[in-house]
Number of protein chains: 2
Amino acid sequence: MANLETVLARADDAIDESLDRLRALVRLKSISTDSAYAPQCREAAAWLAATLDEIGFSTRVHDTVGHPVVLGHQDGARQDAPHVLFYGHYDVQPVDPLELWIGDPFEPRIEERAEGRKVITGRGTSDDKGQLLTFIEACRAYKDVNGTLPCRVSILLEGDEESGAASLAGFLETHADEVTADLALVCDTGMPDPETPAIPVSLRGLAGEEIIIKAADRDLHSGHYGGAAANPNHVLAKILADLHDENGRVTVPHFYDGVHETPDDIKAMWRTMDMYGEALLRDISLSQPSGEKGRSILELTWARPTAEVNGMTGGYTGRGFKTVIPAQASAKISFRLVGDQDPNAIRAHFRDFVRARIPGDCSVEFIAHGTSRAVQLPYDSPALDKAKKALAGEWPNPAVIIGMGGSIPVVADFQSKLDMETLLVGFALEDGRIHSPNEKYDLRSFHKGVRSWIRILDALAE
Amino acid sequence: MANLETVLARADDAIDESLDRLRALVRLKSISTDSAYAPQCREAAAWLAATLDEIGFSTRVHDTVGHPVVLGHQDGARQDAPHVLFYGHYDVQPVDPLELWIGDPFEPRIEERAEGRKVITGRGTSDDKGQLLTFIEACRAYKDVNGTLPCRVSILLEGDEESGAASLAGFLETHADEVTADLALVCDTGMPDPETPAIPVSLRGLAGEEIIIKAADRDLHSGHYGGAAANPNHVLAKILADLHDENGRVTVPHFYDGVHETPDDIKAMWRTMDMYGEALLRDISLSQPSGEKGRSILELTWARPTAEVNGMTGGYTGRGFKTVIPAQASAKISFRLVGDQDPNAIRAHFRDFVRARIPGDCSVEFIAHGTSRAVQLPYDSPALDKAKKALAGEWPNPAVIIGMGGSIPVVADFQSKLDMETLLVGFALEDGRIHSPNEKYDLRSFHKGVRSWIRILDALAE
C-alpha cells in the first residue's frame with residue numbers, strides 16, 4: 001500500500017507530461033472511415049507502438065485488412081498474478097460538420113469551464129485516445145517507480161472501431177494465443193456523474209433486419225384503384241403495429257427466449273439511480289418511459305430487449321400531396337438483445353412473424369443487416385469486487401454496476417472467440433460530445449483515470 | 001330523324017377536316033403547369049375562340065388568375081329546348097420523360113395498330129383536345145346542315161385542369177349567370193371497352209390530410225434510448241394500422257355518415273361487368289380485391305369510400321442501416337368520399353381519431369390538404385335516359401352506368417356552385433396512356449364521338 005501511494009504520487013507529478021502525450025496523440029488525424037486518412041492511422045499506430053516500447057513493452061504493429069493493430073506485452077513482478085489484456089482504439093470519428101467546431105478538432109485546447117472544471121477539447125479526447133492513455137500512463141507510473149508492472153500486461157490497440165471494417169475480429173482469431181489473457185480491461189465507457197465511477201456488466205446485442213412489402217407492379221392512382229388494390233403502406237403499418245402489445249412487450253414468438261431477469265439486488269441498486277434514467281429522458285425533452293410497462297428506465301435501456309423501427313418509408317413523402325398507392329413500402333427494424341438471445345433465431349422468428357401477416361397478392365423481401373450477441377458479464381466476480389474496492393479509494397462515491405444499451409462488439413468477441421471476460425471501466429462524462437463537434441475529456445477524468453487504473457492493476461495483482 | 005341522319009352523314013363526310021383541326025390543336029403546346037408555356041396556352045384559347053366563332057358561337061376569351069377561359073354561346077332552333085353547357089379543357093400534362101415518346105409529342109401522327117385500328121398519337125389527343133373537339137365538330141355538322149343548333153349551347157373551355165391552379169372555380173362564381181344552363185355536358189371520361197359507351201354518375205370526392213408525430217427533440221441512438229424513449233414510427237404505425245378493421249372498413253368514427261348504398265339494380269349491372277374489375281387488377285399484377293369485404297371490385301372503386309396511406313416516412317430510409325429512433329414520423333392520408341360525406345367533418349373526425357392515439361410525451365401536427373365533395377348524379381333522369389337511347393343508336397353495346405374512383409372537380413363545382421347536374425360521356429379507351437408518354441386517341445373514338453354528340457344533342461332537344 002505504501003508502494004501504491006508512491007505510484008499514485010508519481011502519476012500526479014507526471015500529469016502534465018501525460019497530458020502532453022495526449023495532445024500529441026490527438027493531433028494525429030486517425031479518421032478510420034475515410035481512406036484518405038490511412039497514413040495518419042498508421043502514424044497513430046506507430047506513435048503508440050513507440051510509446052509502449054518506451055515504457056518497456058515488447059510491441060509490434062500488425063497489418064490487418066483494415067488499419068494496423070498495435071499489440072504489446074510486458075511481464076509483471078508477480079508471476080502468479082493474473083495476465084490482463086488492455087483494449088483501446090486509436091481511430092476516431094470524422095469531424096464534420098466542421099463549422100460547428102470551436103477551433104481545430106485536431107489541435108487540442110485546454111479550456112476552463114464553470115467552477116474551475118478543466119477540459120481538453122478535440123476529436124478523440126474522450127473516444128478513445130484520452131481513455132486509452134489513462135491506462136498507458138498508469139503503466140508508465142508503475143514502471144517509473146518500480147521498474148516493473150505488478151502483473152503481466154498486454155495492450156491491444158485497434159484502428160477500426162469507428163469504421164465498421166471489423167478488422168479486429170479476424171485478428172483475434174489469427175492471434176488468439178497471443179491476445180488471450182485471464183481478463184480483458186476496456187476503457188471506452190463513461191460515468192453517470194463526475195463523482196461516481198461505473199462498471200458495465202450487461203451490453204445489449206443487436207439484430208438488424210429490413211423488410212420490403214410489395215403489391216402491384218407499379219405505383220397506382222389512389223382514385224382509380226383505391227379500395228380494391230392492396231396498399232403496401234397498410235400491410236407494413238399493420239406488421240409494425242403488431243410488433244408490440246399493449247404492455248410494450250415484443251410479440252414475435254420466442255422473442256424472450258434466453259432473456260433472464262436482472263437479479264433483485266441489481267434492480268434495487270438501479271432503483272436508487274432513477275435520477276439518471278429520468279435525466280436521460282429529460283435531456284431529450286421526454287418525461288416518461290415508453291417501453292415495457294412496470295420496469296425502470298435504466299432497466300429498460302440496460303437489461304431489456306427491444307424491437308425498434310429505425311426507419312420506414314412508402315409512397316410519396318415529398319412536399320405537398322400525391323394520391324398514390326405505392327408499389328412497395330419498407331422498414332428497417334433493429335432488435336436490441338440481452339442475455340442469451342440468439343440473433344439468428346430472432347431473425348428467423350421475426351421473418352415468420354412477418355410472413356404470417358402478408359396478405360394474398362402481396363410479397364415480402366428481407367434484407368439481413370448486422371448481428372451481435374449480447375454480453376452478460378457476472379454481476380459479481382473476484383475481479384469485479386477488486387475493481388469496485390480499488391475505485392472506492394479514488395472516487396467520492398462507490399462504483400455503480402450498470403448496463404449499456406448499445407453493444408461493444410470487441411467485448412462480445414473476447415467472450416465468444418477467446419472465452420475471456422472483460423472488466424469495463426471508463427471515465428468519460430455524459431457531456432463529452434463523443435462523435436459530435438467539440439468533443440472533450442475532463443482533465444479530472446484523465447488524471448483520476450490514470451490513478452484508478454494504478455489502483456485497479458494493484459488490486460488485480462494482489 | 002331524317003334530319004339526324006343528314007347531320008350524321010355530314011359529320012362522316014367532314015371527318016378528315018375534323019381530324020386536321022385536331023392535329024392543329026394538338027400542335028399548340030398548352031402545358032399549363034409550366035409558366036414557360038403560358039403563351040402557348042393563350043394561343044390554344046385563341047384558336048378555340050376563333051373555331052367557335054367560325055361556327056356561329058358568340059365567343060370571348062376571359063382572363064383569369066390562371067390561363068384564359070374560353071366561353072361561347074349560341075342559340076338553338078327550339079326555344080323551349082334545354083340549354084346545355086359543354087365543358088372541356090385545352091391544357092395538357094407535361095411530356096417528360098420525353099425520351100419515352102416515339103416521335104414528337106406535339107406533332108400528331110396517325111398510326112395503324114392491329115386489325116386496322118387507327119389512332120392519333122400526341123399529348124392531349126385523349127385528354128382532352130380530341131374529346132372536346134368531338135363536341136365542337138358535332139355542333140359544326142349541325143350548323144352545316146341546318147344553319148342552327150337544335151338547342152341553346154354554351155361552350156366553356158378552361159386551361160387549368162391539369163395545373164391545379166383552380167382558376168375555373170372563381171370564374172364560375174363571377175360568371176354564374178352566364179355559365180348556368182339546364183344541364184352540363186362533359187367529354188373527359190372513357191369507355192370500358194371499344195364497343196361499350198359509359199356514363200359515370202358517381203365520382204368520388206377527396207380529403208387529404210398529413211400528420212406529423214413528434215416525440216424526443218432530436219434523433220436518438222436506439223442503443224442508448226431504445227426501450228425507454230417514445231418512437232414516433234411506432235405511434236404512427238399503430239394509428240395507420242388502426243385505420244381499417246379486419247373487414248377492411250374504415251374505423252374513424254362517423255366516417256360512413258352520408259354514405260348511401262348503391263341501388264340494387266346498379267349493383268346487379270356492375271356484377272355483370274366483373275371482368276372489367278378483374279382486368280383492372282390483372283393489369284397491375286394483382287388478382288384479388290383488398291378493401292371492404294363482400295363488395296365487387298367495381299363497387300369498391302366506384303362507390304365506396306376509402307382511407308389510403310399515400311405516403312409515410314420516419315427515421316433512416318437510405319441504404320444500409322442506422323440504429324436511430326427518429327424525432328418524428330409522418331404520413332399523408334387521403335380519403336376518397338362518396339355520396340354525402342362531408343370532407344371537413346371527416347377531417348375533424350380523423351384528427352380526433354389520431355389525437356386519441358397520441359401517447360404521453362408525443363405530439364401531433366396536422367396539415368390539411370385539398371378537399372372535394374363526391375358527386376352523385378341521379379341513377380336515372382330524363383337526360384340520362386335520352387343519352388342512353390342516343391348512344392344505343394351509335395354503339396354495338398348499350399351504355400353502362402358507372403362510377404369513377406377519382407374526382408372531376410368541375411362537376412362538383414357545377415353541382416355545388418351552380419346547382420347544375422352534369423352528363424358525362426367520353427370515348428377515351430383504357431390504353432389511351434393519358435398523362436403518360438405516347439398518349440393516343442382512337443380515330444374510331446373520335447369519329448363515333450362526334451356522331452354520339454350529334455345524337456345526344458338531338459335527343460336532349462326533343
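1. Two terms come first, since the strand pairs below rest on them. Two strands pair if DSSP finds at least two bridges between them. Helices (H or I, at least four residues) and strands (E, at least two) are DSSP runs, numbered from the N terminus.

2. A word on what you are looking at. This is a predicted model, in which local features need pLDDT of at least 70, side-chain atom pairs count only at pLDDT 80 or more, and totals for chains, interfaces and linings use all residues. Residues are numbered from 1 along each chain as its sequence is written, while chains are lettered from A and ligands numbered from 1 in the order in which they are written.

3. On confidence: pLDDT is the predictor's confidence in each residue, from 0 to 100. Chain A has a mean pLDDT of 95, and 100% of its residues reach 70 or more. For the complex, the predictor gives an ipTM of 0.88 and a pTM of 0.88.

4. Now the interface. Contact here means that the C-beta atoms of two residues, placed from the backbone, lie within 7 Å. In these terms, 65 residues of chain A are in contact with 65 residues of chain B. Several elements of chain A each supply at least two residues of the side that touches chain B, among them α8 (232–242), α11 (297–303), β11 (306–315) and β13 (328–337). The most comes from β11(A), with nine residues. By type, the residues of this side of chain A divide into 23 nonpolar, 32 polar and ten charged. Here Ala, Val, Leu, Ile, Met, Phe, Trp, Tyr, Cys and Pro count as nonpolar, Asp, Glu, Lys and Arg as charged, and the others, Gly among them, as polar. The copies meet through the same surface, because 100% of the interface residues of chain A are also interface residues in chain B.

5. Do look at strand β11, where the two chains pair. β11(A) and β11 (residues 306–315) of chain B are antiparallel and share five bridges. One pair to find is A:Met312, whose bridge partner in β11(B) is B:Gly314.

6. Within chain B, strand β9 (residues 205–214) is mostly covered, with eight of its ten residues buried. Buried means that 20 or more other C-beta atoms lie within 10 Å of the residue's own, exposed means 12 or fewer, and partly exposed is in between, with C-beta atoms placed from the backbone. β9(B) runs antiparallel to β13 (residues 328–337) of chain B, joined by ten bridges, and B:Gly208 has B:Ser334 as its bridge partner there. β9(B) also pairs with β14 (residues 363–372) of chain B in the antiparallel sense, over eight bridges. In that pairing, B:Ile213 stands opposite B:Val364.

7. Chain B also has an open sheet of three strands in the order β15-β8-β16, with mixed pairing. Its edge strands are β15 (375–376) and β16 (400–404), each pairing on one side only. β8 (residues 198–203) and β15(B) pair in the antiparallel sense over two bridges, and B:Ser202 has B:Gln376 as its bridge partner.

8. Leaving aside neighbours within four places in sequence, A:Ala138 is in contact with A:Ala11, A:Val450, A:Trp453, A:Ile454 and A:Leu457.

9. Finally, some backbone spots to check. Most residues other than glycine have a negative phi, and most peptide bonds are trans. The bond from A:Asp127 to A:Asp128 is cis, with omega near 10 degrees, and A:Asp128 lies in helix α4 (residues 125–146) of chain A. A:Glu115 has a positive phi, near 55 degrees, and lies in the loop between β4 (109–112) and β5 (118–121) of chain A. A:Glu115 counts as exposed because it has 5 C-beta neighbours inside 10 Å.
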